[in-house]
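Morning, everyone. Please bring up the structure on your screens, and we'll walk through a few parts of it.

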Amino acid sequence: MVNPSSYSVGMTSQDELSPLTMTAETEVALERAAESAGRHGELFSVRAAGIKQSAVRDVFDISAKPGLISLAGGSPYLKSLPLEDLGRSAAKIITEHGLEAFQYGSGQGTEELRQQVCDVMALEGITDASPENIVITTGSQSAQDVAAKVFCNPGDVILCEDPTYVGALNTFEAYEVDVQPVIMDDDGLIPEELERRIAELRAAGKNIKLLYTIPSFNNPSGITLSTDRRQRIVDICKANNILVLEDNPYGLLRFDGQPLDTLRADNPDDVIYLGSFSKIFAPGVRLGWALVPKHLYRRFYLACEAVVLCPSVINQMLVSAYLRDYDWSGFLSSSRELYADRCATMLKALEDHMPDGVSWTVPDGGFFIWLTLPEGIDTYPLLYKAIDERVVFIPGAAFVPSDEPSNKLRLAFSAVSSEDIVEGVKRLTPIIRDAVAGQ
């Protein structure tokens with residue numbers, strides 16, 4: 001796969017240095033660096049080879065270029081946050097609780113925030129959670145990392161949706177896990193396909209440990225697992241002794257304000273639930289949480305503590321103040337309305353401009369729309385053409401555990417104005433039209 005970061009300008013590589021411009025000092029420095037790289041390359045672990053550069057982060061860097069419209073990043077809209085008031089809250093925390101805020105804290109997280117997390121989860125049907133079974137994490141991705149570390153040996157299988165979150169793929173592959181996709185339709189994971197894949201992998205001698213799923217508004221597809229399939233998916237995993245790792249950062253962002261019950265709601269012993277403040281508050285606080293079955297909690301918690309020792313106390317206090325002192329549910333409600341409007345704008349723009357042969361998902365929450373082009377079109381090369389036209393997206397190959405080309409791409413509407421959404425789709429359309437015509 002091509003690397004979008006190679007498009008960046010202003011960087012000078014060794015190959016670009018002319019012998020006429022290379023000074024003696026530069027030549028010596030390059031030779032020394034090459035010699036060191038050769039020696040130290042032998043020190044890398046086998047595991048390090050599985051750590052990949054994220055295409056999403058590459059495109060984030062490109063998106064900073066002036067004049068580009070980014071339909072790439074799944075960022076929340078933050079401009080309506082009460083920033084001045086939050087600034088005063090932060091100042092109060094430092095002034096009145098600074099010694100505690102700047103000190104080491106509990107590896108589990110503060111008791112106040114863990115109790116507040118229980119209240120947040122109750123909005124999606126988890127009413128039996130105890131703060132004792134919650135660990136505050138550095139975003140939900142660190143909890144994905146811990147789950148792979150605690151449960152998986154090299155070669156073990158983690159099942160996932162096809163497509164799935166690129167950050168989880170990178171995390172799992174870094175632990176030499178065999179990530180195996182299970183196809184979805186418009187109603188999410190297909191139970192019969194899940195059963196077939198489990199049987200197929202078991203027959204091949206594979207050891208399946210986890211099903212990683214984003215059941216509500218999957219990243220990148222925007223697809224939601226239907227209500228009538230949710231319990232069946234858990235039952236299939238339970239019957240095959242496979243833990244469910246439920247990642248739910250978008251669950252409260254259903255456009256109608258009526259979130260579906262989580263997989264964890266009725267399955268306290270068989271689901272590890274991951275939540276995040278990145279989408280319902282702000283990603284910059286870098287906080288999430290894991291609700292872990294009681295019989296699995298100790299090892300999971302100790303693995304978390306071994307990585308970060310303790311989550312940031314001052315950030316936890318700020319999140320607690322936000323949940324305690326502000327109308328955060330009102331902010332969430334207005335955000336849902338905004339995202340619903342922007343989603344509708346993007347869907348209308350796609351309907352108005354995209355050529356025949358291109359289809360897309362119609363999400364009822366979250367941040368993303370997933371486009372499918374005709375078979376045989378690789379969307380990675382189209383990214384470079386899109387950059388030339390000052391618009392960016394994420395190619396679909398980033399979201400599957402293989403190196404095969406993909407005819408899919410992800411568009412994000414959450415942090416882009418309606419005007420830029422329409423203009424971005426207009427800029428993208430000729431590129432896709434030419435690709436379809438060429439096909």
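At what angle do helix H12 and helix H13 pack? Keep in mind that this is a predicted model. The angle is about 140 degrees, and the axes lie 9 Å apart. H12 covers residues 379–388, and H13 covers residues 418–438. Their crossing is right-handed. Who makes the contact? From H12, we have Leu382, Lys385 and Ala386. From H13, we have Leu428, Ile431 and Ala435. Five of these contact residues are nonpolar, one is charged, and none is polar.

Next, strand S7, residues 243–247. Five of its five residues are buried, so S7 is largely enclosed by the rest of the structure. Look at both faces. Leu243, Leu245 and Asp247 sit on one side, Val244 and Glu246 on the other, and all are buried.

Now the neighbours of S7. Strand S6, residues 208–213, runs parallel to S7, joined by four bridges. In that pairing, Thr213 has Glu246 as its bridge partner. Getting from S6 to S7, the chain passes through helix H8, residues 227–239, in a right-handed β-α-β crossover. Strand S8, residues 271–276, is also parallel to S7, again with four bridges. Here Glu246 stands opposite Tyr273.

Last stop: an open sheet. Four strands, in the order S10-S11-S14-S13, with antiparallel pairing. Which strands are at the edges? They are S10 (359–360) and S13 (394–395), each pairing on one side only. S13 is joined to S14, residues 408–412, by two bridges.

Key: Residues are numbered from 1 along each chain as its sequence is written. This is a predicted model: local features need pLDDT of at least 70, side-chain atom pairs count only at pLDDT 80 or more; totals for chains, interfaces and linings use all residues. Side-chain values use heavy atoms; hydrogens and water are left out. Two strands pair if DSSP finds at least two bridges between them. Axes are lines fitted to C-alpha atoms, for helices over the stretch in contact, and angles run from 0 to 180 degrees between N-to-C directions. A crossing is left-handed if the near helix is turned anticlockwise from the far one by less than a right angle, and right-handed if clockwise. Contact means heavy atoms within 4.5 Å. Ala, Val, Leu, Ile, Met, Phe, Trp, Tyr, Cys and Pro count as nonpolar, Asp, Glu, Lys and Arg as charged, and the others, Gly among them, as polar. Buried means under 20% relative accessible area, exposed over 50%, partly exposed in between (1.4 Å probe, protein chains only). A crossover is right-handed if, with the strands pointing away from the viewer, the path from the first strand over the helix to the second runs clockwise.
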